[in-house]
Amino acid sequence: LTMLKEHGVEIFVGGGQREKTKVSQEEYAILLARSKVTLNFSYTSDGRPQGKARLPEALACRTALIDTSNEFSSKLFKENEDYWGATNEKDMLGKIKFLLAYPEIRDKLAYTGYQSYLGSMAPNPYWKKVFGTVGIKL
């Protein structure tokens, strides 16, 4: 994040776990929905991939998402269609600047991710899938 800030990227860091700026769930959803680009870092501090709720949360709020490329996120959504993956800091910076410079591409990415979320992770399709795996039709 420091490198991104040093390159002029305006970043808000906040949340409910370790961040100094804590926000309510409602404020969090509003922030995501107002964001032009949401960043997700899908690795632990020791470099292991981890799933985070921010991935479907950002897509549900119809914001363009850039995630660190990892095997977990690409199992849930399509990298480079629903969200963009970044392989390193320089790659992430370039993608942020591109999406900020081209709002029509940013909006298309956000829309595609949102539609994918609605089709797979929104409550109705999600629970149909879960119950379907044990033979219960909803």
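Is lysine 108 buried or exposed? Lysine 108 is exposed, at 60% relative accessible area. A few notes on the rest follow.

1. Ground rules first. This is a predicted model, where local features need pLDDT of at least 70 and side-chain atom pairs count only at pLDDT 80 or more, while totals for chains, interfaces and linings use all residues. Residues are numbered from 1 along each chain as its sequence is written, and side-chain values use heavy atoms, with hydrogens and water left out.

2. Back to lysine 108. This residue sits in helix α6, residues 103-120 (helices are DSSP runs of H or I with at least four residues, strands are runs of E with at least two, and both are numbered from the N terminus). On accessibility, buried means under 20% relative accessible area, exposed over 50%, and partly exposed in between, using a 1.4 Å probe and protein chains only. Lysine 108 and cysteine 61 are 47 residues apart in sequence, and their C-alpha atoms are 14 Å apart in space.

3. Salt bridges next. Searching the whole structure turns up two of them (a side-chain nitrogen of Lys or Arg within 4 Å of a carboxyl oxygen of Asp or Glu).

4. Aspartate 91 counts as partly exposed at 21%, whereas lysine 95 counts as buried at 18%.

5. Aspartate 67 is worth a look. It is found in strand β2, residues 64-68, and is buried yet has no salt bridge. Arginine 54 is the nearest side chain of opposite charge, 7.6 Å away (Lys and Arg count as positive, Asp and Glu as negative; His and the chain ends are not counted).

6. What does the side chain of aspartate 67 make a polar contact with? One partner is the side chain of serine 42, at 2.7 Å. A polar contact is a pair of N or O atoms within 3.5 Å; within protein, one must be able to donate a hydrogen and the other to accept it, and residues adjacent in sequence count only if both atoms are side-chain atoms. Leaving aside neighbours within four places in sequence, aspartate 67 is in contact (heavy atoms within 4.5 Å) with residues including Phe41, Leu55, Tyr83 and Trp84.

7. Asparagine 40 is another partner, with a 3.2 Å polar contact between its side chain and that of aspartate 67. Asparagine 40 lies in strand β1, residues 37-40, and is buried, with a relative accessible area of 0%. Not counting residues up to four places away in sequence, asparagine 40 touches Lys52, Arg54 and Met92, among others.

8. Glycine 8 is in the loop between α1 (2-6) and α2 (25-34), and counts as exposed at 64% relative accessibility. Glycine 8 and serine 42 are 34 residues apart in sequence and 23 Å apart in space, C-alpha to C-alpha.

9. Finally, tryptophan 127. This residue belongs to helix α7, residues 123-132, and is partly exposed at 42%.
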